[in-house]
Amino acid sequence: MEIVVENREKTRGRPGRKPAENAAASSVQVLDRSLKLLELVAEADGAVLTDLADQSAMAPSTVHRLLTSLAQHGMVAHDSETGAWTIGVKAFEIGTAYLRFRKLSTISRPFLKQLMEETGETANIAIEEDGDVVFISQAESHAPMRAFFRPGRRGPIHASGIGKAIISTWPDSRIEAALGERTLQHFTEKTRDTLPALLKDLTEIRSRGWSIDDEEHTLGMRCVAAPIFDEYGDAVAGISVSGPAVRLPDEKVHALGPIVRAAAEGLTKAMGGRSKRA
C-alpha cells in the first residue's frame with residue numbers, strides 16, 4: 001500500500017494508473033498534438049507560431065516545442081526571416097511515396113494479371129526501400145505449387161530478381177556506396193554474396209534488360225524480373241514472375257525474359273514514366 005501511494009506522488013498521474021500507463025498516455029497525447037500541428041502547417045501556405053497556437057488551442061510554448069521536434073525530423077521547416085513554418089522535405093517524401101505506392105498498386109493490377117495468365121506463374125510488383133525490396137502486390141498462379149509473397153514482405157536486394165533488376169540501373173559507384181559496407185547475406189550456394197560477384201551479374205543484366213534470381217534466395221525457386229521507371233527515368237520498382245525451378249528451366253527463363261521486360265515497359269508508360277535505356 002505504501003508503494004502505491006509513493007508511485008502516485010512521484011508520477012502525479014491519475015489515481016489508480018501505473019507509471020507505464022501514464023507515460024504511454026502522455027506519449028499518445030504528444031503524438032496527437034504533433035500530428036494536429038503537422039496538419040495545420042500543411043493546410044497553410046506558411047503559418048506563424050501564434051496562428052498555430054490559436055488554431056490548435058495549445059500554448060505557444062507547447063507549439064514551439066512540438067514544432068522544433070518535428071523540424072529535427074524534417075517534417076516541418078522554419079523560415080527565420082518571416083517566422084513561418086512550412087512542410088518539411090521528409091513530409092514531402094512520405095507523401096510522394098504514398099502517391100507512388102497507390103498509383104503503382106492500382107495501375108499494375110491488369111499488367112500483373114496478364115503476365116500471370118501469359119506465363120502461368122505468379123507475377124509480382126515490388127519497390128526498393130532502404131536497401132531492401134518490399135513486395136506490394138501480386139497475381140498468384142493457378143498452379144498447385146506456386147510462389148507467394150505477402151504484401152509488405154521485405155527481401156534482400158542482392159538475392160532478389162526485382163532487387164537486382166532495380167540496382168542494375170544504378171552506376172557501380174552507387175551500388176558500391178549502398179552495399180559496399182554491408183554484409184551480403186548468404187542464402188544458397190548460388191547467392192551473389194560478394195560485391196564483385198554481384199557486379200558481374202549486374203553487367204549481364206544490363207545487357208539483357210532483365211534479371212534472373214537463380215535459386216539465389218530459396219532453393220527450388222527461380223524468378224525473372226525487369227525494372228519499372230518513373231517520369232525522371234529512375235527505376236522505382238520492378239515486376240517479375242516467379243515459380244518452382246522445375247517449371248522454369250533455362251530455356252523457359254530465357255523465353256520469359258523479353259515477356260517480363262515488355263510488361264515492365266508497358267507499366268512504365270502507363271505510369272507516365274520513361275526508361276533511360278530508351
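Predicted model: local features only at pLDDT ≥ 70, side-chain atom pairs only at ≥ 80, totals over all residues.
Two strands are said to pair if DSSP finds at least two bridges between them. Strand 7 and strand 8 (residues 221-229) are joined by four bridges, so they meet the requirement of at least two. These two strands run antiparallel. To see one place where they face each other, find D213, which stands opposite C223 in strand 8.

Now step back to the whole chain. The protein chain has 278 residues, and 41% of them count as buried. Its secondary structure consists of nine helices and nine strands. Consider the contacts between residues at least 6 apart in sequence: 57% of these join residues at least 24 apart. The chain exposes about 15500 Å², with 54% of that supplied by carbon and sulfur atoms.

In which order do its six strands lie? Reading across, the order is 6-5-4-9-8-7, and the sheet is open with antiparallel pairing. The edges belong to strand 6 (154-156) and strand 7 (211-214), each of which pairs on one side only. From one strand to the next, the twist averages 35 degrees.

On one side, strand 9 pairs with strand 4 in the antiparallel sense over six bridges, and here I125 has I239 as its bridge partner. Strand 8 and strand 9 form a hairpin with five residues between them, and G233 in the turn has a positive phi of about 85 degrees. Is strand 9 mostly covered or mostly open? It is mostly covered, as ten of its ten residues are buried.

Another part of the model shows two helices packing together. Packed helices in general are described by the angle between their axes and the distance between the axes. For helix 7 (residues 172-179) and helix 8 (residues 195-208), the angle is about 145 degrees and the axes are 12 Å apart. Their crossing is right-handed. Which residues meet there? From helix 7 come D172, I175, E176 and L179, and from helix 8 come L195, L198, L199, L202 and R206. The residues of this contact divide into six nonpolar, no polar and three charged.

Finally, two loop residues deserve a look. A57 sits in the loop between helix 3 (49-56) and helix 4 (60-72). Although A57 is not a glycine, its phi is positive, at about 60 degrees. E215, in the loop between strand 7 and strand 8, also has a positive phi, near 60 degrees, and is a residue other than glycine. What are their surroundings like? A57 has a relative accessible area of 73%, so it counts as exposed, the cut-off being over 50%. E215 has a relative accessible area of 16%, which is under 20%, and therefore counts as buried.

Technical notes:
Residues numbered from 1 in each chain as written. Heavy atoms only, no water. Buried < 20%, exposed > 50% of the residue type's maximum accessible area, 1.4 Å probe, protein only. Contact = heavy atoms within 4.5 Å. Areas by Shrake-Rupley, 256 points an atom, 1.4 Å probe, with all protein chains shown as cover. Axes fitted to C-alpha atoms, helices over the stretch in contact; angles between N-to-C directions. Left-handed = near helix turned anticlockwise from the far one by under 90°. Nonpolar A, V, L, I, M, F, W, Y, C, P; charged D, E, K, R; others polar.
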